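I opened a notebook for this structure. These entries keep to what I looked up, in the order I looked.

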Amino acid sequence: MNRTAILKCASYDLDIVKSTLEEIIANTEFPDVEGKSVLVKPNILSDSSPEKAITTHPAVIEALVMILKERKASRILVGDSPGMQTGHLNPKASGIADVVKRTGAELADFMTSTRIHQIGKLRIPMTAVLDDADVVISAAKFKTHQLMYSTGVIKNLFGTVPGLNKSPLHLKARKPEEFATLILSIFHEAHVDYALLDSIIGMEGPGPSNGRPRNIGLLIGGANPYAIDKAEATIMGYDTVPIIRKAEELMPGCTATEFPFLKPEDLTIRDFKKIESGITVKSLFISNLISKIGFGKDRRHYPEFQHDICRKCRKCINVCPAKALTLSNDKVTIDKNKCIRCYCCHEMCPFDAIKVK
Ligand code: SF4
Ligand code: SF4
């Protein structure tokens with residue numbers, strides 16, 4: 001049986017993070033990296049400061065890179081592709097570019113070259129950097145997510161689909177269940193060997209970019225990503241979340257693991273601010289069933305624009321896969337007949353001007 005290590009980690013002090021990470025690695029199935037090319041995939045959703053808890057903290061990436069070097073990895077690549085990325089990635093504000101420079105790792109540019117992956121009927125461009133890596137490590141952030149309720153080490157691999165190539169995929173997978181299946185397929189194609197969840201300071205409320213930092217005080221790691229994301233959901237207080245429910249349906253037993261240290265059920269945060277959705281996970285299943293047979297109503301909320309906060313930067317308009325947004329009369333206006341409630345606009349708004357409730 002694989003093992004998933006959940007350890008207390010009270011701060012982002014590099015020595016503390018590194019020693020905690022070493023203990024996690026020593027007690028889980030960490031891959032042999034000697035002489036190998038390793039891709040570390042942090043979450044750099046928007047290149048914002050670590051205090052905002054949107055991105056994987058640079059101390060976690062630095063500690064991981066140091067350990068990979070000690071274990072004689074031949075090449076260490078660090079890369080991501082946020083949703084709005086168009087040019088070369090240089091994540092300065094998040095501190096990750098500095099870590100890369102300081103440690104002698106390489107910043108991997110996911111935009112330079114892609115390879116098409118045929119997933120069912122979908123042709124999905126994913127970064128060719130994946131093909132150069134012998135070992136892939138997902139290093140994600142403990143955060144809520146408006147559509148998937150939580151975002152963890154599995155959803156993190158959506159960033160291997162470069163920049164705005166992600167948007168049309170939302171049109172092909174409109175319902176949460178369909179999107180969860182798509183995310184699992186992309187994750188499967190990325191062949192992740194190991195995963196870490198930076199849960200020292202996580203995010204609660206309207207994540208993944210506009211929630212509030214919340215002290216969780218944990219670092220989680222292991223070779224079973226399904227177990228890690230299930231543990232995250234349990235700590236947040238969910239019975240389940242769409243990606244894990246779909247994973248357990250498609251791969252029964254995939255979340256089975258041993259917890260040699262702390263156990264997620266003992267760590268549930270009773271007052272954690274989960275995503276307030278129009279429907280619960282249980283009723284989501286019923287809702288999907290009803291919509292399949294042709295009646296009933298999907299009660300997910302539409303995004304609401306706070307015009308007094310909006311700075312008219314157009315990021316939401318540019319990312320919207322359904323072309324449901326326009327700037328008219330100096331205001332962002334939504335066409336609800338077009339909106340598929342993917343919440344990409346909410347995720348990309350840098351000024352928290354969009355609410356979903
Ligand atoms: S992304 Fe936010 S601030 Fe920018 S135009 Fe849209 S709502 Fe306004
Ligand atoms: S308006 Fe927002 S939620 Fe609706 S389709 Fe566009 S990006 Fe998605």
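Entry 1, terms for the ligand shells. I sort residues into classes: Ala, Val, Leu, Ile, Met, Phe, Trp, Tyr, Cys and Pro are nonpolar, Asp, Glu, Lys and Arg are charged, and the others, Gly among them, are polar. I call a residue near a molecule or strand if one of its heavy atoms lies within 4 Å of it.

Ground rules come next. This is a predicted model, in which local features need pLDDT of at least 70 and side-chain atom pairs count only at pLDDT 80 or more, while totals for chains, interfaces and linings use all residues. Residues are numbered from 1 along each chain as its sequence is written, chains are lettered from A and ligands numbered from 1 in the order in which they are written, and side-chain values use heavy atoms, with hydrogens and water left out.

Which residues are closest to ligand 2? I found Cys-320, Cys-339, Cys-342, Tyr-343 and Cys-345, out of 13 that surround it. By class, the shell has 12 nonpolar residues, no polar ones and one charged.

I stayed with Arg-314. Its phi is near 75 degrees, a positive value in a residue other than glycine. For its place I needed helices and strands, which are DSSP runs numbered from the N terminus (helices are H or I, at least four residues; strands are E, at least two). Arg-314 lies in the loop between strand S11 (304-305) and helix H10 (315-319). The cut-offs are under 20% relative accessible area for buried, over 50% for exposed, and partly exposed in between (1.4 Å probe, protein chains only).

Asn-329 is not a glycine, yet its phi is positive, about 50 degrees. I located Asn-329 in the loop between strand S12 (325-328) and strand S13 (331-334). Asn-329 is exposed, with a relative accessible area of 77%. Ala-322 sits in the loop between H10 and S12. Ala-322 counts as buried, at 14% relative accessibility. I also checked Ala-322 against Lys-338: they are 16 residues apart in sequence and 6.0 Å apart in space, C-alpha to C-alpha.

Where does the chain have a cis peptide bond? I noted one from Gly-207 to Pro-208, with omega near 15 degrees. Pro-208 lies in the loop between strand S9 (194-204) and strand S10 (212-222).

H2 covers residues 58-70. The expected span of a helix is 1.5 Å times one less than its number of residues. For the 13 residues of H2 that should give 18 Å, and the end C-alpha atoms are 18 Å apart, which agrees. I then looked at burial. 10 of the 13 residues are buried, so H2 is largely enclosed by the rest of the structure. Among them are Pro-58, Val-60, Glu-62 and Leu-68. Lys-72 follows H2 and has a positive phi, near 65 degrees.

On a 1 Å grid over the protein atoms alone, a cavity is a set of points where a 1.4 Å probe fits but cannot get out; a pocket is an open set with protein on both sides within 12 Å along at least five of seven lines; lining residues have an atom within 4 Å of a point. Grid points are joined across faces, edges and corners, and a volume is the space filled by probe spheres set on the points.

The largest pocket has a volume of about 480 Å³. I listed 26 lining residues, with Leu-45, Ser-46, Asp-47, Lys-315 and Pro-350 nearest the centre.

I counted five cavities of 30 Å³ or more. The largest cavity holds about 320 Å³ of space. Closest to its centre are Leu-45, Lys-155, Phe-158, Lys-166 and Glu-347, of 26 lining residues.
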